[in-house]
Structure formats: structure tokens, C-alpha cells
Amino acid sequence: MELSNQSGISEFFLIGLTYDPAIESFIFSLFLCMYFVTIFGNLLIILAISSDSHLHTPMYFFIANLSFTDICISTTIIPKILVNIQKQDESISYGGCLSQVCFVLIFGGFESCLLAVMAYDRYLAIGHPLRYTIIMSPCLCVLLVLLAVFISTMNGLLHSLMLLKLSFCTNQNILHFFCELVQIIKLACSDTSLNTILSYTVTSAFSGVFLAGIIFSYIQIVSSILKITSVQGRNKAFSTCGSHLSVVFLFYGTALGVYMSSAVTDSSVKNVIFSMMYIVVPQMLNPFIYSLRNREMKQAMRKINGRYVTVPCFAFNNPQPAFQEVPGLGVAAGIHTQLAP
């Protein structure tokens, strides 16, 4: 069904990026390389996890879902940028713009949910290692992912459907390189008070709940780690959370920059820079963050080289080696020692 709006606008123009012929080739090459690295890196993570039975654990199951989400976010935005640069055409259809808004919110929200679930997973692994495999059953892992999909989808549909009620005037220029919610609301010539309230309150509450869950989980993690008397044991336990913390800081730090810049400044340049750091760069870096310090992931990646890989359903193994007791350090110190450098 074709999307319609109150004012009959058929298209918008994405003018956040310059199409100066002098640097057009550079911008095209930059986004193409970033897109290729993002797709290849995250797809390699998914294939490595699915092809190695030793990685069929809750932690890697969530990492695979995170990689899939990163692919989806990048595919929602970057191909349209490449097409526009190649055709030297800044336009995007009204329906395409609203669809882009919806999918960005859905996949961005899903990633936020996943990061909170992964923090909870780390809390259980470090704080309750003996009950971890019982609590984090395959059924619970799948339910948590489905719940994250449902919540993020409802959030995306809410904002997208509210945009259908807006009327737009003659100004159809979006000061961005993709259809960003706040920028579209600014173009409306009808009353946008409800949309603005929803944009900031719902998004803040949505992100705040999951961020609070992450903070709570890490407070519990730190509390459990401080009970370990050995310095070596503490370092091993902290090393299991380093990758996740890096992704959390990268995701929420850049997201905060996007919404703060949208709220306090009208500088299109700053908005574009912060948004690129939020919507493009983290998805490209996540595979490196989760694989460079992980021996098992590196070994799994080597195995898929030149080999046909099928993607089976995840049947979680009992990760007993990940919970082995390190002599003199205790059970918690041996949690997921495979992540140690």
C-alpha cells in the first residue's frame, strides 16, 4: 500500500552530504568501503558462530544477533547514499523516507535491547556461574530476542505512523544524509508538539530503561569481581566484559551526541558528523571489537575459509570449559577465559 500524507508531498531531498564533483568520488569510495567492511565483518562473525559448535552458547548467540542488526542498519541507509551519489540525485520518495525512519528506529532499538540483554548475560555468568546454564536456557535466550524485536518494532511503528499525520510545506530539504526523525519533524508546517514530545520522551525512556539495566548489571558484576582476592582473577573476570563495554560506550556515546546536537543546535554539519558516528561507524567496528581479543572466534573464522557453511539453528552447548575453576583463583575467575588476550 502506498503511503500518503496530509499535504501531497511525493519526495524529500537529502542535502546533508555535499555532491561537489571535486570530492564526490572520495565520499562514494568512503561509504562503499565502510559498507563493505561492515557487511563482510558482521557476516563473517555470523558464519563463524553458526559453523562452530563450540560457539553455540548464549553469549555468542547474542553476538550473532548483534551482527545481523548491524548489517540491517547499514543496509537501510548506505545503499541509498551510494545510489544518490552515483546518480547525482538527492531525492528520496516520501514512502521510502518514512520506511527508512521506521527501520532505523527498529534496528537501532533492537541493538539497544540486545546490549542490555548481553549485560544481563555477563552478570549471570560472573555473578552466578554455577546456575548460569540453567537460567540462560535456549528457550529464554530466544524469548529475550523476540521480546527485543517486539519492543523495538512497536517503537519504530509509533513514530513512523505519527509522521503520517503531519503536513509538509514547500521546504522538502532534509539537512542530513538519511531520513532522521527529528529532521523530518522540523520540516512540517502543521502542529508537531505531539511528535516532538514523543520523539524525546519515548526515545529517552526507551533508551533509559535499557541503559539503566546495563548499569545495574555492571554494578553487580563489579561487586562480584571485587570479592575475588587474586589480582589475576579480577583481570580475567574484567576481560570478559571489555568488548561489551566498548560497544556500549560507542553506541550510547554517539547516540547521546546525536540527540543532544539535534536539541541544542541547528548546525547540519555537526548533526551529520554525530549521526555518522552513531549510525555507520559502530556497525563497522563491532566485528573487530568482538573478534580481535577472542581466540575461539579467530579459530572459527579460520575454519570457514574456503569451506561451504550452512547456518543451522542454535542448539546451545553446555559451556563447561568457560566455567572451569582456575586453581587458586576460584570459579568466577575462570569464567569465559577464552576471551582473555
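Start with D121 and R122, which form a salt bridge with their closest N and O atoms 2.7 Å apart; the term means a side-chain nitrogen of Lys or Arg within 4 Å of a carboxyl oxygen of Asp or Glu. A search of the whole structure finds one such bridge. Both D121 and R122 are buried, meaning under 20% relative accessible area with a 1.4 Å probe, protein chains only.

A word on the source: this is a predicted model, where local features need pLDDT of at least 70, side-chain atom pairs count only at pLDDT 80 or more, and totals for chains, interfaces and linings use all residues. Residues are numbered from 1 along each chain as its sequence is written, and side-chain values use heavy atoms, leaving out hydrogens and water.

Helices (H or I, at least four residues) and strands (E, at least two) are DSSP runs, numbered from the N terminus. Strand 1, residues 11–14, runs parallel to strand 3 over two bridges, and F13 stands opposite N173.

Last, the helix pair. The axes of helix 2 (residues 58–87) and helix 11 (residues 281–291) come within 9 Å and cross at roughly 160°; axes are lines fitted to C-alpha atoms over the stretch in contact, with angles from 0 to 180 degrees between N-to-C directions. So helix 2 is roughly antiparallel to helix 11, the cut-off being over 145 degrees. Contact, meaning heavy atoms within 4.5 Å, involves residues including I63 of helix 2 and Y290 of helix 11.

Terms used:
Buried < 20%, exposed > 50% of the residue type's maximum accessible area, 1.4 Å probe, protein only. Pairing = 2+ DSSP bridges. Parallel < 35°, antiparallel > 145°, perpendicular 65-115°, else oblique.
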